[in-house]
Amino acid sequence: MMDRSGFTLFYEETCVGLRLYVGKMIGRCSQVDDIMQEAYLRVLTSAPAGLAGRQLQAYLFSTATNIVRDSWRRGAVAGEWMPLDEESAPARSDTEDVLTRIDTERALAGLSILQRSLVWLAYGEGYSHREIAATTGVKEKSVKVLLYRARQKLICELKKSSEPHKERT
Amino acid sequence: MKTSICEREEEIVAAVISGQMDRSVSEHIETCESCRAAAGMTRMFQVEKESAGDGVVDVRLADIIWSRAALARREKRKRTRRLGLPAGIVSGVAVAILTALVIRPSDAALSAKGVESLLSLSVPLLAPTVLILLAVSLVSFANRANGSMSGSGGRMHISSNRGNN
């Protein structure tokens, strides 16, 4: 079992990433701290023995995902869980251009909770598709398709949010 | 229309995060629209992560969580101790009944050997019950001893400092 100093170190290493992840998923600051505390608490009391490093981090993120999902089921978190729509791919030339002028918060708000989770785990945390599947409870084969759709939708949302910026400049 | 991401995406994302972009990765990003989007998105999130990580991490929250976990573990041990003895008695009785059903003596055997036979039959019935009760008592005693040792730590302070953040 982890000792106190080990936990403090683990907390220091993971809290920024976890805060961003939970924040991206629920988009509400008031609940982020509660969900984070609950996730760390569950790691300390229920994590299988022998988990360390990246495995323990994956367990933490998986636990946080489950807490957010439970909160969403209770109605404490707003939004859709599963993506229900398929966005078409944006034109090639726009992609990089859009990503340089970003308003990620507003853009992510246009995605479902699971889509936000997928894009953050893939591109924010650099998780493999297998790790994403284990963390979110989605089948590994489905991760690729869902991630693709989530990414395309985020690019579309980024384009939308960059349009007023273009007009101003 | 393409409905999935490139096979090399994981490799590309890992390269962007680690900053180790070799020639093959760079060339692939040039030619693959999917991976170019993935690389752009990875850079975007990494910049965000870096700027969020500039703030000082409040380790007091880690202490609070650690204390809450210690309290939760202690409560769990208490619950286990409370449930231990009744559960042991119930399982002991259940084992005795099952044993009695399995080695049920015939009426003829009982009448032939009388009280002596009855006493010899009661040993296999009672032995499992006594053994289980003994095991439960030992586990309960060990838990209590362990709990009193680990519970001698400092007092817990359970409050959230969210308002200060």
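Student: What does the secondary structure of chain B come to?

Tutor: Helices and strands here are DSSP runs, numbered from the N terminus (helices are H or I, at least four residues; strands are E, at least two). Chain B comes to five helices and zero strands, so its elements read α-α-α-α-α from the N terminus on. Bear in mind that this is a predicted model: local features need pLDDT of at least 70 and side-chain atom pairs count only at pLDDT 80 or more, while totals for chains, interfaces and linings use all residues. Residues are numbered from 1 along each chain as its sequence is written, with chains lettered from A and ligands numbered from 1 in the order in which they are written.

Student: How many residues does each chain bring to the contact?

Tutor: Two residues are in contact if their C-beta atoms, placed from the backbone, lie within 7 Å. Chain B brings 30 residues and chain A brings 35. On the chain B side, helices H1 (9–18), H3 (33–52) and H4 (60–102) each supply at least two residues, and H3(B) gives the largest share, twelve residues.

Student: And by class, what is on that side of chain B?

Tutor: Ala, Val, Leu, Ile, Met, Phe, Trp, Tyr, Cys and Pro count as nonpolar, Asp, Glu, Lys and Arg as charged, and the others, Gly among them, as polar. That side has 17 nonpolar, five polar and eight charged residues.

Student: How do H3 and H7 of chain A pack?

Tutor: Two packed helices are described by the angle between their axes and the distance between the axes. Axes are lines fitted to C-alpha atoms, for helices over the stretch in contact, and angles run from 0 to 180 degrees between N-to-C directions. Helix H3 (residues 53–74) and helix H7 (residues 129–136) of chain A pack at about 40°, axes 8 Å apart. That makes H3(A) oblique to H7(A); under 35 degrees would be roughly parallel, over 145 roughly antiparallel, 65 to 115 roughly perpendicular, and the rest is oblique. Ala58(A), Phe61(A), Ser62(A) and Thr65(A) in H3(A) meet Glu131(A), Ala134(A), Thr135(A) and Thr136(A) in H7(A).

Student: Is Ala52(A) buried or exposed?

Tutor: A residue is buried if 20 or more other C-beta atoms, placed from the backbone, lie within 10 Å of its own, exposed if 12 or fewer, and partly exposed in between. Ala52(A) has 11 C-beta neighbours inside 10 Å, so it counts as exposed. Ala52(A) sits in the loop between helix H2 (29–46) and H3 of chain A. Its C-alpha is 9.1 Å from that of Met2(A), 50 residues apart in sequence.
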